[in-house]
Amino acid sequence: MPAAANGIPPASGCDSLPLSRLFLVGQRLGDGAFGVVHSCTRLCDGEELAVKLINVGISKPADVWREAQMLESLAHPNIVRFHGLFPEGAHMCIIMEKLSGGDLVDGLQTYLDKWGGNIEGQNIVSAVRQMASSIQYLHHRLVVHRDVKGDNFLMDRPDILDPECRIVLTDFGSACRLERPGERLSTEVGTMKFSAPEIFDNNYSAKVDVWALGVVMYGLATGRFPFKNKAEVRFKRMSIPRAVHPPFADLIDRMLTKDEAARLDSDQAMRHPYMSADRGAWLEPSVQATLVRGDNTSGGENVEPVATPRSHAARALCRGKGAAPPPREAGGSPESSGDAAARSLKLATAQLQALAVAPSAATTSAAPPPAGGAGPAPPGARLEGPALASGAERARSRAGCVPQCLLGLGLVCKASAKAAAASAKLVD
């Protein structure tokens, strides 16, 4: 593998040429703790992508390379697609797919502007299922993200309630790969308000991602953070407003269980009745417990990606000119959109059969009515990966009143017009 100018080899299949020789860098899309994100156009074919520019004076080149390797090894519809790693002066540049719908916080703002009130749980089953599926996929591959939050979920369209909206998890700067199943971690990383109690004890597992997703879901349901500080994360008893959709509230409660051993893992979260194809029909508690424990499931290691159907126009919007082939597992072969749809249908049918231990409930209406609102918006653990710099969380300025429960040190945020104009001079 050829070495780049700074001694870091590019990811497989990529050239060691500088970014400016291969891409035209466009407007600034946002920034994070260690990088700035711009749109970019690949000169050879005109495909619109995104580039994360990381200053190697702030981040170690080895850490950037590790993040790029991590992304390159992942292939799932709900994980951002990696397109290469390139040098450019004092920066290392990670090329990723560009999604045009903004992040989850943007989706919440769009909902508030259109409907007002809080989002009804039964109307976002598809979105929650995709987010949980991305985490399940990572955990089956012994990857812990460690910075799950609303900022780090991107959408291919602005409407979070659109059942065809594709959601992907991004920003793997804090992610690490375990050496063995069940390994304990110790480095305190991530964003405080999304951190599980055990992180503060420097002794935690992959379940911290489940907790963080529970915080995101609580924010979508109520417009608030469940916990405001470290003391509340450790000791405060969480309450969920009665108006929250019962199965959605039950899943949130099980994901935000302070006792790590009793908390759902990613497989159990995906088996929760809320995730079922009947849009979260409510089952009796005894039936719920059976399904969540997995007594009626195969429990195999093979995880099928949860894909949402997308129109040709949407695929073209996300992937540049025309529709790109669907993502595939490493070493696999491409499949047509028809094959992918058939496989997804087969999976959904099998899940419905597994859930047929109780009479199915009536499906909910596809049209999202305005929500009524549920209130105002071990010793011996090894050290791994770079810890995020401590300090006050970076607040995002938004038009309107966006609940702060989804914000933090995310990869993407709104950039001011002034910053966007200045960034045009980044690459000559």
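Modeller: Gladly! Keep in mind that this is a predicted model. Let us begin with Lys52, which an unreviewed UniProt entry lists under "binding site". You will find Lys52 in strand β3, residues 48-55.

Colleague: Why is Lys52 called buried?

Modeller: Buried means under 20% relative accessible area. Lys52 has 6%, so the word applies.

Colleague: And what makes the approach of Lys52 to Glu67 a polar contact?

Modeller: The cut-off for such a pair of N or O atoms is 3.5 Å. The side chains of Lys52 and Glu67 make their contact at 3.1 Å, which is within that limit.

Colleague: Let us turn to the salt bridges. How many are there?

Modeller: The structure holds 14 salt bridges. One of them joins the side chains of Arg42 and Asp45, at 3.2 Å from N to O.

Colleague: How do you know whether Arg42 and Asp45 are buried or partly exposed?

Modeller: Set each value against the cut-offs: under 20% is buried, over 50% is exposed, and in between is partly exposed. Arg42 is at 18%, so Arg42 counts as buried. Asp45 is at 28%, so Asp45 is partly exposed.

Colleague: What makes Lys236 and Glu232 a salt bridge?

Modeller: The nitrogen has to be within 4 Å of a carboxyl oxygen. For Lys236 and Glu232, the closest N and O atoms are 3.9 Å apart, so the pair qualifies. Lys236 has a relative accessible area of 34% and is therefore partly exposed.

Colleague: Where is there a salt bridge with both partners buried?

Modeller: Look at Asp147 and Lys149, whose side chains meet at 3.5 Å, N to O. Both of these residues are buried. Salt bridges can also link up: Asp156, Arg157, Asp162 and Glu164 are joined in a network of them.

Colleague: Now the rings. Why is the pair of Phe23 and Phe86 called edge-to-face?

Modeller: The structure holds four aromatic pairs, and this is one of them. Ring centres must lie within 6.5 Å, and planes over 60 degrees apart count as edge-to-face. Phe23 and Phe86 are both buried.

Colleague: And what makes Trp211 and Phe227 a stacked pair?

Modeller: Stacked is the word for planes under 30 degrees apart. Here the planes are at 15 degrees, with 5.6 Å from centre to centre. This pair also links distant parts of the chain: Trp211 lies in helix α5 and Phe227 in the loop between α5 and α6, 16 residues apart. Both Trp211 and Phe227 are buried.

Colleague: Which residues have the most contacts inside the largest nonpolar core?

Modeller: That core has 81 residues, and those with the most contacts inside it are Leu104, Ile124, Met131, Phe172, Leu213 and Phe248. Helix α5 (residues 207-222) gives the most to it, with eleven residues. A second, separate core has ten residues, among them Phe23, Cys40, Leu49 and Val51.

Colleague: Why would such side chains gather together?

Modeller: In soluble globular proteins, nonpolar side chains tend to be buried together. Met131 shows who its neighbours are: leaving out residues up to four places away in sequence, Met131 touches Leu104, Phe153, Ile167, Leu213, Val216 and Leu220.

Colleague: How do you know that helix α3 is mostly covered?

Modeller: Count its residues: eight of the eleven in α3 (residues 104-114) are buried. Leu104, Gly107 and Tyr111 are among them. What covers the buried residues includes α4, β7, β8 and α5. At the start of α3, a side-chain oxygen of Asp103 reaches to within 2.9 Å of the backbone nitrogen of Val105. After the helix comes Gly116, whose phi is positive, near 75 degrees.

Conventions:
Residues numbered from 1 in each chain as written. Predicted model: local features only at pLDDT ≥ 70, side-chain atom pairs only at ≥ 80, totals over all residues. Heavy atoms only, no water. UniProt positions renumbered as here; feature names shortened; annotations may be inferred. Helix = DSSP H or I, 4+ residues; strand = E, 2+ residues; numbered from the N terminus. Buried < 20%, exposed > 50% of the residue type's maximum accessible area, 1.4 Å probe, protein only. Polar contact = N/O pair within 3.5 Å; in protein donor to acceptor, adjacent residues only side chain to side chain. Core = buried A, V, L, I, M, F, W, Y, C linked by side-chain atoms within 4.5 Å. Contact = heavy atoms within 4.5 Å. Phe/Tyr/Trp six-rings, centres within 6.5 Å; stacked < 30°, edge-to-face > 60°.
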